[in-house]
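Look at the structure first, then read on.

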Amino acid sequence: MIRDQETLNILLGTISRFVRERLVPQEAHVAETDQIPQELVDEMKELGLFGLSIPEEYDGMGLTMEEEVLATFEIGKTSPCFRSLFATNNGIGAQGIVIDGTEEQKRHYLPKLASGEIIGSFALTEPDSGSDAASLRTSARRDGDCYVLNGTKRYITNAPEAGIFTVMARTTPDSHGAHGISAFIVEQGTPGLSLGPIDRKMGQKGAHICDVIFDDCRVPAANLIGGREEVGFKTAMKVLDKGRINIAAVCVGVAERMLDDALRYALERKQFGKPIAEFQLIQAMLADSKAEIYAARSMVLDAARRRDDGLDVGTEAACAKLFASEMCGRVADRAVQIFGGAGYLAEYGIERFYRDVRLFRIFEGTTQIQQLVIARNMIRDHAQ
């Protein structure tokens, strides 16, 4: 831990109260309007939530990975859309700069990201390259002191609100696979950059995604992350390792919230003259959920600690993301079942979580991609 336990406990307690007293009461409103009220955004900035993992020398909190997932467990106990707004500043939207950026890039952008003055977004996925990210086609051609970007990115989280984009583009035209991909910082408002309409989604109302289009978009050469070409894919993979641990952590938090709601309902709802929580088949669903949440929580903490120790956590991050996201889906399904007919009604809120958490098994690497990552790493490690 980089902080004393008392300070950490104060931070976690503050986040927990903010979630419970300010965010939870606004869940239904955000789901109806598809917008997070500005006063809540301002409070998030004041609490420092946009800079949890940005180093202290750049005005962030500089939390360790373990501290960050502990905070995420608390943040996860409300609608995922709230976390989504500031999560890219702590994760995929800023970590490319934190990990591989030049000192000049860090000093220029990270304080703005930490304060929430700007929101960062990560532009990797394309219409024809999702799970196969190394097949991306967006090009970046050097032209004097600029790079000219052309291509389209798809499903880009926070793109409508973003101030900067971390963009993966191919700087070597004839290259294939991961080779030849470079990472750029592209500011909103750059000529040649435009956004598609906001996509309508199954869930997570209040969190927005859309296409990001580059049409002869001229980006200063100084915005090449790290000042080096052809290392962008490595940057992206390092960013995703951290992101997968964070997604696993929010899965734990949301699952704990859903289980709490299901338990409370089971204790209040009576059938055959007694609370349904006294029926063994209801108890089985509650117990299975509790055990799986505990397992996922332990996995997340272990992966976070390993990353803090400087170890390669590619396998552990994939394991945690795979298990926690699948676990979260099972807990959501059981929670709806425990609520019964009420679980299918919008007024009780559990059906919203059921839709919201479905995304966790897809983004930042589907469950099937995590399986491939884990198996390939196992084979590689056995051969060494």
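Helix α8 (residues 232–268) packs against helix α10 (residues 314–339) at an angle of about 20°, and their axes lie 8 Å apart. Axes here are lines fitted to C-alpha atoms, for helices over the stretch in contact, and angles run from 0 to 180 degrees between N-to-C directions. Helices (H or I, at least four residues) and strands (E, at least two) are DSSP runs, numbered from the N terminus. The helices α8 and α10 are therefore roughly parallel to each other. Angles under 35 degrees count as roughly parallel, over 145 as roughly antiparallel, 65 to 115 as roughly perpendicular and the rest as oblique.

This is a predicted model: local features need pLDDT of at least 70, side-chain atom pairs count only at pLDDT 80 or more, and totals for chains, interfaces and linings use all residues. Residues are numbered from 1 along each chain as its sequence is written, and side-chain values use heavy atoms, with hydrogens and water left out.

Helix α9 (residues 280–308) also packs on α8. Here α8 and α9 are therefore roughly antiparallel to each other. The pairing of α9 with α10 has an angle of about 160° and axes 9 Å apart. That makes α9 roughly antiparallel to α10.

| Helix pair | Angle | Axis separation |
|---|---|---|
| α8 and α10 | about 20° | 8 Å |
| α8 and α9 | about 155° | 9 Å |
| α9 and α10 | about 160° | 9 Å |

The α8 and α9 crossing is left-handed, meaning that the near helix is turned anticlockwise from the far one by less than a right angle (right-handed if clockwise). Residues of α8 that meet α9 include K242, I245, V252, E256 and L259. On the α9 side, I282, L286, K290, I293 and R297 are among them. Contact means heavy atoms within 4.5 Å. By class, this contact divides into 16 nonpolar, one polar and five charged residues. Ala, Val, Leu, Ile, Met, Phe, Trp, Tyr, Cys and Pro count as nonpolar, Asp, Glu, Lys and Arg as charged, and the others, Gly among them, as polar.

Now the domains. The chain is divided into domain 1 (5–115), domain 2 (120–227) and domain 3 (234–383); the bounds come from an automatic or database domain assignment. In domain 1, 22 residues are in contact with 20 residues of domain 2. About 1700 Å² is buried between domain 1 and domain 2, with carbon and sulfur atoms giving 57%. D34, Q105 and Y109 supply 30% of the area that domain 1 buries against domain 2, more than any other three residues. Buried area is the accessible area (1.4 Å probe) that two parts lose on being put together, summed over both.
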